[in-house]
Each structure stands twice: as structure tokens, then as C-alpha cells.
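The questions below concern helix packing and backbone geometry. Each answer ends on the value or name asked for.

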Amino acid sequence: MGIIEKMRLDGKKGFVTGAARGIGKCTATAFAEAGADLAIVDLDIAEAEKTAKEIAEATGRKIIAIKCDVTSEADVQAMVDEVVAKLGGLDFCHANAGICINEAADKMTYAQWKKNIDVNLNSVFLTDTIAGKYMLAHGGGSIINTASMSAHIVNVPQPQCAYNASKAGVIQLTKSLAIEWAKKGVRVNSISPGYIGTDLTLSSDFLKPLIAKWNELAPMGRLGKPEELESICVYLAGDTSTFTTGADFILDGAFTCF
């Protein structure tokens with residue numbers, strides 16, 4: 001069997017949170033194209049169902065949509081239970097849901113801070129540990145978390161201290177779980193994207209004016225594309241990455257190199 005065949009995900013079951021659009025939709029599509037059945041998990045169930053139908057029709061895989069508030073322990077537990085019941089197991093997951101609140105620290109409310117930490121960090125803890133418990137009891141699996149280059153640098157010119165702190169926490173959580181589960185068959189890794197040209201980024205009235213500045217600073221002079229994150233996630237979900245755990249993959253076009 002060649003390396004391409006070894007990298008396929010045939011027979012594997014998984015889910016992606018925040019998968020109705022953007023990075024999550026791209027990685028979910030890639031998982032399905034590689035042969036996996038999976039759940040599109042999102043708070044926006046209408047968009048999740050639309051995405052699930054689109055991916056299913058394009059790939060022929062079993063794709064379901066599940067509504068879930070990833071900050072709710074009960075919701076995440078119910079979601080994992082539904083994935084297992086409807087797909088027949090759980091081999092991998094991508095904890096991708098997140099938000100960014102751009103507000104100066106001296107003007108940010110505590111409620112804004114808590115919301116950012118809850119969605120970006122606490123939800124990853126819930127997703128990883130609830131999915132991880134199933135994997136630990138059923139022979140192992142792979143967990144992928146979406147961190148950010150903002151865990152490694154302080155972005156300019158936009159103020160986003162809560163986002164930066166939450167994503168740094170994701171990386172340390174990833175490494176901590178990887179150590180705890182290294183001998184138990186569950187691998188945990190993270191990806192740290194740079195500025196990615198998702199529909200949300202390109203259409204945001206706040207972010208659009210910043211793109212020219214980001215591109216001026218970027219060594220490659222451009223935003224990344226969501227599709228440029230797909231291959232590393234397929235690799236991490238599959239069986240060719242069995243010695244890879246506790247790693248953070250920075251996918252930023254060398255932005256954090258200076």
C-alpha cells in the first residue's frame with residue numbers, strides 16, 4: 001500500500017465543531033473526501049444542515065448535522081453520544097469552534113472576556129475530554145484543536161487580548177492532554193493558522209480595512225486560504241501520524257518568523 005492510500009480515512013468516524021462555514025467546513029470536506037463519515041457540528045443548525053447536504057452529495061459519505069452549544073457540557077455530551085449512535089463510533093474530532101472579540105483591554109467588559117475564553121478555550125476542554133473519554137475506552141483516536149498564530153504573537157493593529165490568551169491556552173491544553181494520554185492511544189495536536197481569507201474575514205466591515213496592513217506585514221504578501229489547512233488535518237486524523245502528538249503546527253506563511 002502506497003502513502004496516499006495509507007493517508008485515507010476510509011472507515012473512520014469523526015466530527016468537526018464550528019463546521020457550518022469557514023475553516024471547519026473546509027476540514028470537514030477534506031475528511032469526507034478522504035473517506036470518513038462525520039458530523040457537522042454548529043450552533044447554526046440551518047447552515048450546518050446545508051453544509052452536511054453539500055458535502056454528502058459531493059463525496060457520497062454519511063454526513064450528519066448536529067446543533068450544539070460547545071460551551072455547554074450537557075450539549076457536548078449529547079453531541080458526542082449522537083455521533084457515536086448515528087455513525088457507529090468516534091475515531092477523530094476537530095475542535096474548531098471559536099470567536100474573536102476585538103476590543104481594547106481597557107474598554108473590554110468582563111462579560112466579553114469571559115465569552116471569548118468560554119467559546120475558545122473552555123469549549124475545547126469540554127470537547128476534548130468528552131470525546132477523549134470515549135476514545136480512551138474504545139481503543140484510541142485523534143483530537144485536533146484549532147489554536148492560532150495569535151497564541152505565538154500579539155497581533156497588530158487590532159486589539160484582541162482575550163482571543164490571544166484563549167488560543168495560547170488551547171496550545172497548552174493540547175500539550176497537557178497529549179502527555180496524559182500518550183500511552184493510552186489518544187493523540188492530541190493543534191493547528192495555528194495565520195490570517196485566513198474566510199468568508200467572514202473577507203466580508204467583515206471591521207476586518208476588511210485591516211487586510212491591506214496584514215498583507216503588508218506578511219512575508220508572502222497575502223492571506224492564507226482555508227483549503228491550505230486541509231492536508232495537515234487529514235494527516236493528523238489518520239494512521240500515518242501515529243507518532244505525532246502534543247504538536248502545534250503553525251500555518252501562517254512565515255508570519256510568526258519575525
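Q: Which residues of helix H8 (residues 208–217) are buried?
A: This is a predicted model, in which local features need pLDDT of at least 70, side-chain atom pairs count only at pLDDT 80 or more, and totals for chains, interfaces and linings use all residues. Residues are numbered from 1 along each chain as its sequence is written, and side-chain values use heavy atoms, without hydrogens and water. Buried means under 20% relative accessible area, exposed over 50% and partly exposed in between, with a 1.4 Å probe and protein chains only. In H8, the buried residues are Leu210, Ile211 and Trp214.

Q: Within what arc do the buried residues of H8 fall, seen down the axis?
A: An α-helix has 3.6 residues a turn, so residues three or four places apart point the same way. The arc is taken over the directions from the helix axis to the C-beta atoms. The buried residues of H8 line one face of the helix, because they fall within an arc of 115°.

Q: Which helix is included in what covers the buried residues of H8?
A: Helices are DSSP runs of H or I with at least four residues, strands are runs of E with at least two, and both are numbered from the N terminus. On the other side of H8, Pro209, Ala212 and Glu216 are exposed. The cover over the buried residues includes helix H7 (199–203).

Q: How are H4 and H5 oriented to each other?
A: Axes are lines fitted to C-alpha atoms, for helices over the stretch in contact, and angles run from 0 to 180 degrees between N-to-C directions. The axes of H4 (residues 73–87) and H5 (residues 110–137) come within 10 Å and cross at roughly 40°. Angles under 35 degrees count as roughly parallel, over 145 as roughly antiparallel, 65 to 115 as roughly perpendicular and the rest as oblique. H4 and H5 are therefore oblique.

Q: Which residues of H4 and H5 make the contact?
A: Contact means heavy atoms within 4.5 Å. On H5 the contact is made by Leu126, Thr127, Ile130, Ala131 and Tyr134, and on H4 by Glu73, Val76, Gln77, Val80 and Val84.

Q: Where does Pro157 lie?
A: The peptide bond from Val156 to Pro157 is cis, with omega near 5°. Pro157 lies in the loop between strand E5 (141–146) and helix H6 (161–181).

Q: What is the relative accessible area of Ala254?
A: Ala254 is found in the segment after strand E7 (248–251). Ala254 has a positive phi of about 75°, although it is not a glycine. The residue is partly exposed, with a relative accessible area of 31%.
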